Amino acid sequence: MTTEGKTKLEKVQRMSTPPLFSDETKPTFDKPVLEREQSEEETRLRAQTAQIQAQLIELAHDAIIVRDPSSAIIYWNRGAEELYGWTAQEAIGQITHSLLQTRFPISHEVVDALLKTGQQWEGELIHTCKDGSQVIVESRQVVTRDARNSPTAILEINRDITGRKQQEQKNSLLLAAIVETSDDAIISKTLDSIITSWNLAAERMFGYTSQEAVGQHIFLIIPPERRAEEDMILSKLRNGEHIDHFETVRMRKDGTRIDISLSISPLKNKEGQIIGASKIARDITESKRLQQNLRFLSHASKVLSSSLDYKMTLQTIANLAVPHIADWCTINMLAEDGSIEQLVIAHADPQKVRWAWELNKKYPVDMKVTHGIPQVLRTGVFEFIPFISDDMLVAAAVDAEQLALLRNIGFTSGMTIPLVIDGKAIGAVTFALAESSRRYTQADLTMAEELASRASLAIQNAHLYWAVQQSRDQLDIILHGVADGIVVYDIHSHIIYANEAAAQMTGSASVQAMMETPATGIAARYDILDESRQPFPGSQFTHRRVLAGEREAEAVMGYKKRTTDQPERWSLVKSRPVLNERGEVTLVVTIVHDITERVLAEQRKDEFISMTSHELKTPVTSLKGFTHVLQRRLAKQGDQQGLHYLSRIDAQLNKLTKLITDLLDISRMQVGKLAFQIETFDLDALIAETIENVQAATTTHSILLEGKTDAHIVGDKDRLGQVFINLLTNAVKYSPHADKVLVQLFREQNQAIVSVQDFGIGINEAHHQKVFERFYQVTDPEERTYPGLGIGLYISREIVERHSGRIAIESRKGEGATFSVALPLLQGGQ
Ligand code: ADP
């Protein structure tokens, strides 16, 4: 029964209750001597004080009991009434011990004896209340004495501590439960190192039950080589010091070692004396292993990334893994033919490694089995066996001999992790534990998987590197073997690659020498010419044009050694850019194709044409002369038939003469020696005359003329006439199914335009520019071939351009063609 449950209202009522005892019966706690000499005032004051004290006593929550020397109760305050349930009336006169069935921690006689010595006694008592319930009180007792020092009464104040006690008990139960359920071993010991308590975790961690451990010396779990630590620990404890997270090694019942972190605190008694120690031991095997794994992993990563020879690298990693991560480490790779290739075997003992290789030969991996390495390679899924049982060994062994070997090695734990590239297992790493009698945990598996994925990546990189290297080597061989010069420029026009041929073409002793010579140095060895043998402008070098934005630049270049006069070599040079992902030029590849032979052959051909046409010209001229003589003779004789044949001969001779002049023109043009007879003439008259001549020779087409230019042109009238003859004869020739050709004359700005339109086969746009090239003829397999040499338009363009004019084409295949010639008008605008 406690006072805690009382309401506030009751408390207030209690305060106003009058004292139970009259002044005469109230006990006094100071000297009970009434001194006669006291003045009246003193007496009055004293009485007043006593009354206040009495009221206070009544107000106290504590039970206040006064008993006489024979333990009979003589005072029982309101607090006692409330605590125990008996009223003062019921209690007074009773013997306290009997009434309250007091349970003493020591016998009440001892307490009484102590009180008699005049000392105050303090202690906890258990009392039984009126309703039979028990209360725990904190009791203070003291004896009052009279002047002759005889005991007059025993004063007792009892405070209800039942609630607190229950809480304390609960707490200690809780504490005990915590200690028992803790994952950390909690052990207490005396200062003599004798174990006094041993929780469940300690049983698990060290393998001893609490019965086995309690009462034993702590050396039970300290390995012999570490016993000196105990002295250090004890001396610290005696000084009252704590030990926090002391990492050390302890020993299990089976003798194996365990990494632990110790925290030790001194245990004190009530008086504060150190009587022992409590230790908390945490198993840090896992975290140590984790640290070790992490160290191994980061080391392995470095090794993996530093080498491209993956076979070597894998060996290094296996060596790193042994013995910290594994007692055995093997690596198997899937060979091209699907068989398994044992690449690496690692063990701390080289002799065992040799032995394992031998064994491997004797018992090669059987691809058909549904477990172990073959299965991992097939499925790409790891195999993790934390506990290898004997049954497993029996299942894995091929014969009794192998089983004996496997048992002898004593595998305890293992894991096989696939090396995966592009979703396919290409190999497997196996870690196994044997003699170190450890077991792999989930953390080890995670580490191994991480290692395998890094190793896979390294292998992939190595593969890629070799593939690139190989194709680069191949490319290099090809590039060095090709006859074309290949030069790669960076964006600053520096040569960063050149092949053998390029070095030869530039007169360099070697590729190396060429790369070391600045581009200007190479160019300075030669006079570089364009197709018409003019100096080649530096800005037109094809790689420069590409750097300036062209996607493909092409040029014919002649290289004339400074010392000789003739071009030594001719090249067709092509450049193309290498673009990055943003489309910017990063490199320029230039291919130099030697066309010297072709150019020289053409030169020879030109010379031959020039020579032959010269040679032909003389006999044709005399043929023509004799024809005229003959014509006159036959006319006189009136031989009409003869005249007819002669006019056919004459027409053919004219054709022949035109061919010869064209050929001669071409060879003159080649050497830039086409001669012009400059005069001023009427363009419209020239056109009319030309049309008349061409019309005279054609029966199939009528040539219509529209408009006029009223232009006077300064130039070579015959040569321009030659241009219009070409255009008109082409118009007739390439429109076999049409019956007309339209010629239009007009002015545009300060130019006189002559356009010749036909309604024939037309020209595909792809050929528009090419038809002006020398010997170019559009060949279309479906079309019939037209006679000709492909030089008419070539000469025409040359002539027009020499007159500062231009010739243009407008045509679509099948839709006829319009060729127009624009000639600048004489200044003054007539
Ligand atoms: P050719 O002697 O072959 O006519 P040209 O230099 O005059 O030589 O013409 C070159 C080529 O251009 C011809 O072979 C022909 O294929 C094409 N060509 C020229 N004029 C025409 C035209 N009016 N219509 C269609 N094709 C033409």
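Mentor: A polar contact is a pair of N or O atoms within 3.5 Å; inside protein, one atom must be able to donate a hydrogen and the other to accept it, and residues adjacent in sequence count only if both atoms are side-chain atoms. This is a predicted model, in which local features need pLDDT of at least 70 and side-chain atom pairs pLDDT 80 or more, while totals for chains, interfaces and linings use all residues. Residues are numbered from 1 along each chain as its sequence is written, and side-chain values use heavy atoms, with hydrogens and water left out.

Trainee: Which backbone atom of Leu789 lies 3.3 Å from an oxygen atom of the ligand?

Mentor: For Leu789 that atom is a backbone N or O. The protein buries 95% of the 530 Å² that the ligand exposes when taken alone (Shrake-Rupley areas, 1.4 Å probe).

Trainee: How many residues surround the ligand, and which are the closest?

Mentor: The shell around the ligand holds 18 residues (a heavy atom within 4 Å), and Asn730, Tyr734, Asp758, Gln777 and Leu793 are the closest of them. By residue class, 10 of the shell are nonpolar, 6 polar and 2 charged, where Gly counts as polar and Tyr as nonpolar. Helices α25 (717-733) and α26 (792-802) each contribute at least two residues to this shell (helices are DSSP runs of at least four residues, strands of at least two).

Trainee: At what angle do helix α23 and α26 pack?

Mentor: Helix α23 (residues 640-670) meets α26 at about 55°, their axes being 10 Å apart (lines fitted to C-alpha atoms over the stretch in contact, with angles from 0 to 180 degrees between N-to-C directions). That angle makes α23 oblique to α26, and their crossing is left-handed (the near helix turned anticlockwise from the far one by less than a right angle; clockwise is right-handed).

Trainee: How do the axes of helix α12 and helix α17 cross?

Mentor: The axes of α12 (residues 310-321) and α17 (residues 442-481) come within 10 Å and cross at roughly 160°. Therefore α12 runs roughly antiparallel to α17 (over 145 degrees; under 35 is roughly parallel, 65 to 115 roughly perpendicular and the rest oblique). The crossing in which α12 passes α17 is right-handed.

Trainee: Where does Asn149 lie?

Mentor: Asn149 sits in the loop between β4 (134-145) and β5 (151-160), with a positive phi near 70° although the residue is not glycine. Asp710, in the loop between β23 (702-707) and β24 (712-715), has a positive phi near 50° and is likewise not glycine.
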